[in-house]
Amino acid sequence: MINTKVILETINMIEEEHLDVRTITMGISLLDCAAGTPEETCENIYNKITTYAKDLVSTGEDIEKEYGIPIIHKRISITPISLVGGLKTKEDYILAAKTLDRAAKKVGVNFLGGFSALVQKGMTNKDIAFLTSIPEALACTERVCSSVNVGSTRTGIDMDAVNICGHIVKKLAYLTRDNYSIGCAKFVVFANVPEDNPFMAGAFHGVGEPEVEINVGVSGPGVVRAAIEKAGGCNLSELADIIKKTAFKVTRMGQLVACEASRRLGVPFGIVDLSLAPTPAIGDSVAQILEAMGLERVGTHGTTAALAMLNDAVKKGGAMASSHVGGLSGAFIPVSEDQGMIDAVNLGALSIEKLEAMTCVCSVGLDMIAIPGDTPEETISAIIADEAAIGMINNKTTAARLIPAYGKNVGDMVEFGGLLGYAPIMPVNKYSSEVFVKRGGRIPAPIHSLKN
Amino acid sequence: MKAVVTVTAKDAKGIIAKVTSKMFEYDANVLDISQSLVGDYFAMIMLIEMDEKEKKFLALSDALKELGDKENLKIQAMHEDIFNSMHRI
C-alpha cells in the first residue's frame, strides 16, 4: 500500500497549501474556418469550437473529482484570429470577437484566448484592421482575451506596433472605465511569445501547432512556500534542492492530469507549463515564497536574486517530471493577483522599476499593474518597449499587462474581483518618452539573433 | 481502478461501519485498512478497488462526501495514481 506519509502530504498540499492544476487549455486551430463572407467564417468558427470543446468542462470536472485535485480553469486557445482567412475589416473582427464570446459561453469556459496578432516584424493591412478592433471587441465581450506579439530576438521590435498597443491600452481603459478599466486585464503585449501557452490572457494556438491539443498549466506557490518554511535555516544550495523536489511533485500531478484529459477527450497532449501562478487567496503567493526565502518584503534588495533562483529551480524540478514542457514555464509576478505583492506595493517596498528588474529573471513581465489613468499613451508604449527589449536581448518571453485605471491616481485602489484581484495604483516616471517612441520603425534584432 | 480513501474525525462509534457500508453499497472492495487514534482523533486510510468499467467511483465519491457532511467526518477519495505519480519516479 502507498505509505501513509505520502498520502497525508498530498492531502495537506491540496487542503492547506492550495495545490491545484490551474488550467486545462484546449488549443484549437481555426485555419480551416475561412469562408466567403465574415458571417460564414464566424459560423464555421463557432461550430468548430463548440464541437471540439463540447466535453472539455465536464471532462475536467470528472478528473477533478476522481483524482481529488482541484482544476481551477478549463479554457480554450485558438489560432491568432488575425491569421484566420475570411475576416478583413474592423467590423469583421468585432463580429468574430462576439462569436468567440458566444462559443466560450456555450461550452462553459471562463476565458478564450487567441484574439491575437503576431506583428513582431511588421503589420499587414489585415493586422492593422484587427488591431484597431481590439478595444471595442474586448469592451463588448466578456470572456475573450487578446494578445499581440510586438518583438522577438530574431526580428527585433516593431515600434509602430508598440505605439498602436499603447493606444489600444488607453482606449480600452476608457471604454471599460465604469468597471475599473478591467478591459486592460484581458489584453497583453508580448515579446518572444510562446505558441503553446495555456495561461490567460496570453494563450493562443500557434501556427505550428496541431489541429487540436491539450495543454496544462500547473501552479502551486503555496506548496513551494510551505516547503521552504518547513526547511528552516538551510543554505541556498539546499533550498534550491527543496524547491526542485516540490516542483517535481507538482508537475507530475499536472502531467498526470494532462495525460488523462488527453486520453478522455481523444485529443493529443501538447505540453505542461511549469508555472508558479499566484491567486489572491491567502498563502497562494509568489511574493510570500520570496519572503519565506528570507526577504523582509518582496521588492527589497535581493529580490531579483531570490526570484532568479526560484524560477530556475522550478524549471529544473519540473523538467524531469513532464514529457513535454512548454508555454511560459516560470514564476508569474502579477501584482493584483498576489496578496504579498499588493502588500509590498502598499508599504512602498515594491516599485514598478523593481518589478521590471524582476521580469529579467522570471517567466513573464509587468503583469496586472495598475497605473494612473492619466498616464500618456506614449509612456505606456515606452513601458511596453522596455519590456520587449528585455525579452529580445535576453532571449526570453516578456510581456506587459498594464491597467491605466481611468480617473484613478496614486493612492487609489482598483477592484477587479475574483482571481484578477485588486491593485493599488503604482506611480510611473513622469518624464516624457514621446519623442523616442514616436520615431517608429523597428529596433533591429540583436547581434546574437545571427545564430546560423 | 484502485483509490485511496482517508477519513479523519473526532472518534465515535461506528465510523468504520458507516464508511464501509457505503463501499459495499457501491460495489467497492476494501483491500487494506490502516486506522489509528491520535488522542481522541480518529484517522483511517483505506485502499479500495472498483470495477473501472462501471464508472461507479464518482458516485461513491459523492456518496462519501454526503456521508461526511452528515456525520461530521472529513472524507477524501482519490484515484491512487495521484500518489504514485507524485511520489514515485
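Q: How many residue pairs are in polar contact across the interface of chain A and chain B?

A: A polar contact is a pair of N or O atoms within 3.5 Å; within protein, one must be able to donate a hydrogen and the other to accept it, and residues adjacent in sequence count only if both atoms are side-chain atoms. Here the rule finds seven such residue pairs across the interface (both at pLDDT 80 or more). On the side of chain A that touches chain B, the elements giving two or more residues are helix H1 (4–16), helix H3 (56–67) and helix H8 (236–265) of chain A. H1(A) supplies the largest share of that side, with 10 residues. Helices (H or I, at least four residues) and strands (E, at least two) are DSSP runs, numbered from the N terminus.

Q: What should I know before reading on?

A: This is a predicted model: local features need pLDDT of at least 70, side-chain atom pairs count only at pLDDT 80 or more, and totals for chains, interfaces and linings use all residues; side-chain values use heavy atoms, with hydrogens and water left out. Residues are numbered from 1 along each chain as its sequence is written, while chains are lettered from A and ligands numbered from 1 in the order in which they are written.

Q: How much area do chain A and chain B bury between them?

A: About 2,400 Å², with 70% of it on carbon and sulfur atoms. Buried area is the accessible area (1.4 Å probe) that two parts lose on being put together, summed over both. In terms of contact (heavy atoms within 4.5 Å), 25 residues of chain A meet 26 residues of chain B.

Q: How many salt bridges does the structure hold over all chains?

A: Side chains of opposite charge can pair when their charged atoms come close. The rule for a salt bridge asks for a side-chain nitrogen of Lys or Arg within 4 Å of a carboxyl oxygen of Asp or Glu. Over all chains there are 30 of them, and two cross the interface of chain A and chain B. Glu15(A) and Lys74(B) form a salt bridge through their side chains, at 3.4 Å from N to O. This pair runs between chains, from helix H1 of chain A to strand E4 (residues 74–79) of chain B. Glu15(A) is partly exposed at 38% relative accessible area, and Lys74(B) is partly exposed at 42%. (Buried means under 20% relative accessible area, exposed over 50%, partly exposed in between, with a 1.4 Å probe and protein chains only.)

Q: Where do Lys105(A) and Asp101(A) lie?

A: Both are in helix H4 of chain A, four residues apart, which is about one turn of the helix. Lys105(A) is partly exposed, at 39%, whereas Asp101(A) is buried, at 6%. Salt bridges can also share partners, as in the network that joins Glu66(A), Glu260(A), Arg263(A) and Arg264(A).

Q: How many aromatic pairs does the structure hold?

A: Two numbers describe a pair of aromatic rings: the distance of the centres and the angle of the planes. Rings of Phe, Tyr and Trp (its six-membered ring) pair if their centres lie within 6.5 Å; planes under 30 degrees apart count as stacked, over 60 as edge-to-face and the rest as tilted. Over all chains there are four pairs. The rings of Tyr93(A) and Phe130(A) have centres 5.3 Å apart and planes at 75°, so this pair is edge-to-face. The two residues are 37 apart in the chain, with Tyr93(A) in helix H4 (residues 90–107) and Phe130(A) in helix H5 (residues 125–139) of chain A.

Q: Is Arg401(A) buried or exposed?

A: Arg401(A) is buried, with a relative accessible area of 5%, and is found in strand E10 (residues 398–405) of chain A. Its side chain makes a polar contact of 2.7 Å with the side chain of Asp367(A). A polar atom of the Arg401(A) side chain also lies 2.8 Å from the backbone oxygen of Ala185(A).
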